[in-house]
Amino acid sequence: FINVRESSMAKDKRCHRDDTTRHSISLNANFMSSKQRPRKLRRLWWKSSDRLETSSINSSEISDQDMYEDISFVKDNPIAPKQFVALDCEMVGVGEGKRSALARVSIVNYDGTVAYDKYVKPDEEITDYRTRWSGIRKSDMLRAISTPQARKEVVAILHNKVIVGHALKSDFEVLQINLPSTLRRDTAKYRWLRQLADIHINVTPSLKTLAMNILHKSIQNGEHCSVEDARTAMELYRMVSSKWETDLKGQGKTFMEDQYWPMKLLNQNGSINNA
């Protein structure tokens, strides 16, 4: 067990948030026991001996260029847990076309503690709160910060971090930031997670499906919660982190692995069919 302190947030019945009270959490609290886990998951299980550190918010101004100017820390050496954060955003519709705009952004640390969670007021008039999915209501805008301020704060937190999330492209678009692929761990794209969830390799899974099939955890039952979604993405990453990082380091070295070959070209024993 380790003690952590989460950032101060008001309780919200529509989305779970923790108080600032000091509490203990188990490193494997939200996971299955070793006996319950499928055999193919056991060897990938995150080691409880790994030390966790919660990251603090850097309030200094950091540009997009500064944020990923030096990414050498992800190339050769193992990445420390404190350098991982998970991000998720909720969007609303703005303007006549009801274009997506940022309305809430949440960031959690490697161990799931909340590093950032704020409502954001779009620059344009909100024409669709999308409450059924986003959980955003008009009253939330009373305590919202501006989009430029949110972006400035988020960029500061993401400095020198590897970002975990699900379908990160949409989150980065509404935040108007861009990061190289070396700093992204997108659970919607990692094929090994699809295999563990028993999903066809060419089908992009939802976070809800991955959570249910792999973590045996039910999420997004009604209105979505960006804190819950970010935590879930991080849980999925932690489960397969060793293999994921190994796969990334091995990219470009060989194209003879099964994942690079169309299945119709392979026999059951893995050899190539003769055309």
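User: What makes the pair formed by the side chain of T113 and the side chain of D111 a polar contact?

Analyst: Happy to walk through it, keeping in mind that this is a predicted model. The T113 and D111 side chains come to 3.0 Å, and a polar contact needs N or O atoms within 3.5 Å, one able to donate a hydrogen and the other to accept it. The pair therefore counts as a polar contact.

User: Is T113 buried or exposed, and how do you know?

Analyst: T113 has a relative accessible area of 1%, and buried means under 20%, so T113 is buried. T113 lies in the loop between β4 (99–109) and β5 (114–121).

User: Which backbone nitrogens does the side chain of H166 reach?

Analyst: There are two to look at. The side chain of H166 reaches the backbone nitrogen of L207 at 3.2 Å, and a polar atom of that side chain lies 3.4 Å from the backbone nitrogen of A188. Beyond its neighbours within four places in sequence, H166 is also in contact with other residues, including D171, D186, P205 and A233.

User: Which residues of α7 and α8 meet?

Analyst: From α7, L207, L210, A211, I214 and L215 take part. On the α8 side they meet D229, T232, A233, E235, L236 and M239.

User: Which residues have the most contacts inside the largest nonpolar core?

Analyst: L87, I107 and I214 do, in a core of 53 residues. Helix α8 (residues 226–250) supplies the largest share of this core, 9 residues. A second, separate core of 8 residues includes V92, Y119, I126 and I136. As for L87, its contacts outside four places in sequence include V105, I107, I163, F172 and A230.

User: How do you know that M91 is buried?

Analyst: M91 has 15% relative accessibility, which is to be set against the limit of under 20%, so M91 counts as buried. M91 lies in strand β3 (residues 84–94) and touches, among others, S100, Y129, R130 and V174. M91 and V174 are 83 residues apart in sequence, with their C-alpha atoms 8.1 Å apart.

User: Why is R130 called partly exposed?

Analyst: R130 has a relative accessible area of 21%. Buried requires under 20% and exposed over 50%, so R130 is partly exposed. R130 is in the loop between β6 (126–128) and α3 (131–134).

User: What is the phi of R130, and what is the phi of K98?

Analyst: Phi is near 50° for R130 and near 55° for K98. Both are positive values in residues other than glycine. For background, most residues other than glycine have a negative phi. K98 is in the loop between β3 and β4 and, at 44% relative accessibility, counts as partly exposed.

Methods:
Residues are numbered from 1 along each chain as its sequence is written. This is a predicted model: local features need pLDDT of at least 70, side-chain atom pairs count only at pLDDT 80 or more; totals for chains, interfaces and linings use all residues. Side-chain values use heavy atoms; hydrogens and water are left out. Contact means heavy atoms within 4.5 Å. A nonpolar core is a set of buried Ala, Val, Leu, Ile, Met, Phe, Trp, Tyr and Cys residues joined through side-chain atoms within 4.5 Å. Buried means under 20% relative accessible area, exposed over 50%, partly exposed in between (1.4 Å probe, protein chains only). Helices (H or I, at least four residues) and strands (E, at least two) are DSSP runs, numbered from the N terminus.
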